Amino acid sequence: MNINSKFKSYIPAPGFLFFSLIVIQLFYTVLFIINNIQDYSLNPSGLFFAVFSVFTLYLISSVFEILLVNKILRRIFFPLFSSILWGLNAYQLTSGSPLDFSLVKDNIGISFSAEAFTMISTPFSKMDIIFLSVFLSVFAFIEFRFSTAEINDKFKFKPAAVSFIVWIVLVLLPVQGGDGLTLFAKSALPGKSSELYAHPSTSEYPYERKSIPLTSISSSVPPAKKNKPNIFLIMIESFNANFVESKAPDGLDYTPYFNSLIKKGLYIDRFYGNSVQTCKGQASIFFSVLPSFKGKIFVDYPNLNIRGFPSILAGEGYETVFFQAYHNLQFDNTKNSMKKAGFSIIKSYSEFRQKEDKPFIWGWGVEDKIFYERFFGMLDSLHNKTPQKPVFASLMTIGTHIPCDGMPPEKRTIYKNPQNIKEKYSNALRLSDSQLPVFFELLNKRKYLENSIIIITADHSFPMREHGIYNNEVCFYDETFRIPFLILWDGVIKPERISRRVYSQIDIGPTITDMLGITDVAHTMTGLSVFDRKSRHPVFLVQPYNGRFLQVVEYPLKYITNLKNGKEYLFDLEKDPSEKNNIIGDSANIQSAAGLKNYINVIHLNQQLLDTDKILKR
């Protein structure tokens, strides 16, 4: 055997699967270039990535061409592999980034509900579906028309092993390139900076405190209002702060009613959700600790010893109520986590659903109007049983949950025929805003609730293509994290707007205890009352997917580090609110960037405490 023939024995010839996958890859590569997806262009770098993806597909397809020597298996698995590659490319086209392994790992347990399936299918446009249908039809025609009656190929270990080993080497290379399957595999690799580097703490349980600091707000409350006011915390699903006081192209306000409320209370312009999902937002709010960047506290740390601020309120004589519009309290282990937080009553709307509610249920659940009505009906029953108890109630809406599909045409105020997620979301947000007055009408009808604090915020934000992205599990920009925050307390809170200080969800618990004057109690809250305007207070943000972006905001600067590749960013939010200019390399910012980078250790310490169960002593 000469050298040439021996060499060929290790290099498999391209087969039918390879040419099928290449059709898909080239089609989407063109779309990536047209849509300016990162790393795809007609310059030398972009052409390199295109060639690289062809080579990785050749290696993957070669392995399966050799392994699947049975004709029936080929007809089953070849279309399956093609569909998987199509799905990964379609996802990347919509999100602007490849599918991340940690996103799949963290959410696999909730992927089988009907509502979750609608989220999974969101990235796939009609064009994607048409392309896949045509492709599979042509694939089936060629396969059944031209394939031989029997497959005579025998399993060849050497070329299969060589192809697989070379593909693994390419996956391990520090090159963010390749086809969708290769990029997905690369996302499962640990990053350069994935190891914790938290500074040692002076205490084994550094979050434990014996008292809660107070500001002057509690001492300024009039005597008539001091006696344990009721507290209502409304979390509006996926409420992007960029829509507040903004107008649609036709001039309509997205949130006219909420805008009117801003003039009556304390509003914070730069308020942030600490992460990107409902369960992470709820963990930040109710436990006042940063969310994990390695999983979900509710799911991945079910035995974590931790206590939320609702338990403090329960100890002060409050009836603590968690009421959500979404029907499934087991979703992301919500019910058990709310018990741990300190809620004595945990209910979903589904327990109170009535026949006449049906026209108001679409998408992920019931409209806010009906949700509020059923909540107050439940609250009346509780009050009749224990009229002496004040209430702390958290209400979690669902009407604006992405992708906002299924809204009846007669309820579409802004876009009659919405064409994308932003237009659907705009309609849903406008509907939610138009039904917010129902909450206040029902509240004001009840004398036993006349002394009440109302806080309106969100579980998390959701980007609406401000940077070309419709996916809150991809980017690190402000629209992925900024949410509204408004406090109303008639006769106590004076109209005020805070624009140059930042706060986040972990500050909600300390803010409530501050207003109530609760100080002499042990706790593990890490936030700061929004009425504290003097203490240095950076805000920490966690994007656990797409490479894990950890962030710290100390207005006007925002520092970001990517744990996967070590890349750093620095933005001046005052001069550059759109976050277009990364100034990390400017010599004038070296000292500021170093100081903010050092603050990232706070997020690492938090992760370390979660991993080692060191939040609260047992």
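**Ground rules.** I am reading a predicted model, in which local features need pLDDT of at least 70 and side-chain atom pairs count only at pLDDT 80 or more, while totals for chains, interfaces and linings use all residues. Residues are numbered from 1 along each chain as its sequence is written, and side-chain values use heavy atoms, with hydrogens and water left out.

**Strand S8.** I looked up S8 (residues 391-396) and found that six of its six residues are buried, where buried means under 20% relative accessible area, exposed over 50% and partly exposed in between, with a 1.4 Å probe and protein chains only. Strands here are DSSP runs of E with at least two residues, helices are runs of H or I with at least four, and both are numbered from the N terminus. In a regular strand the side chains alternate between the two faces of the sheet. In S8 both faces are covered, with Val391, Ala393 and Leu395 buried on one side and Phe392, Ser394 and Met396 buried on the other.

I then followed the neighbours of S8, noting that two strands pair if DSSP finds at least two bridges between them. Strand S1 (residues 230-236) runs parallel to S8 and is joined to it by five bridges, with Ile234 opposite Leu395. Strand S4 (residues 319-324) also pairs with S8 in the parallel sense, over six bridges, and there Phe322 has Ser394 as its bridge partner.

**The hairpin of S15 and S16.** I turned next to strand S15 (residues 557-562), which is antiparallel to S16 and joined to it by five bridges; Tyr559 is partnered with Leu570 of S16. Five residues lie between the two strands of this hairpin, and Gly566 in the turn has a positive phi of about 80°. Four of the five residues of S16 (residues 568-572) are buried, so I noted this strand as largely enclosed by the rest of the structure.

**The largest cavity.** I recorded about 50 Å³ of space in the largest cavity, whose lining includes Ile236, Phe239, Asp433 and Leu436. Helix H17 (residues 421-444) gives the largest share of that lining, four residues. A cavity is a set of points on a 1 Å grid over the protein atoms alone where a 1.4 Å probe fits but cannot get out, and lining residues have an atom within 4 Å of a point.

**Helix H8.** Last, I checked Phe164, which lies in helix H8 (residues 157-172) and is partly exposed, with a relative accessible area of 44%.

How values were computed: On a 1 Å grid over the protein atoms alone, a cavity is a set of points where a 1.4 Å probe fits but cannot get out, and a pocket is an open set with protein on both sides within 12 Å along at least five of seven lines; lining residues have an atom within 4 Å of a point. Grid points are joined across faces, edges and corners, and a volume is the space filled by probe spheres set on the points.
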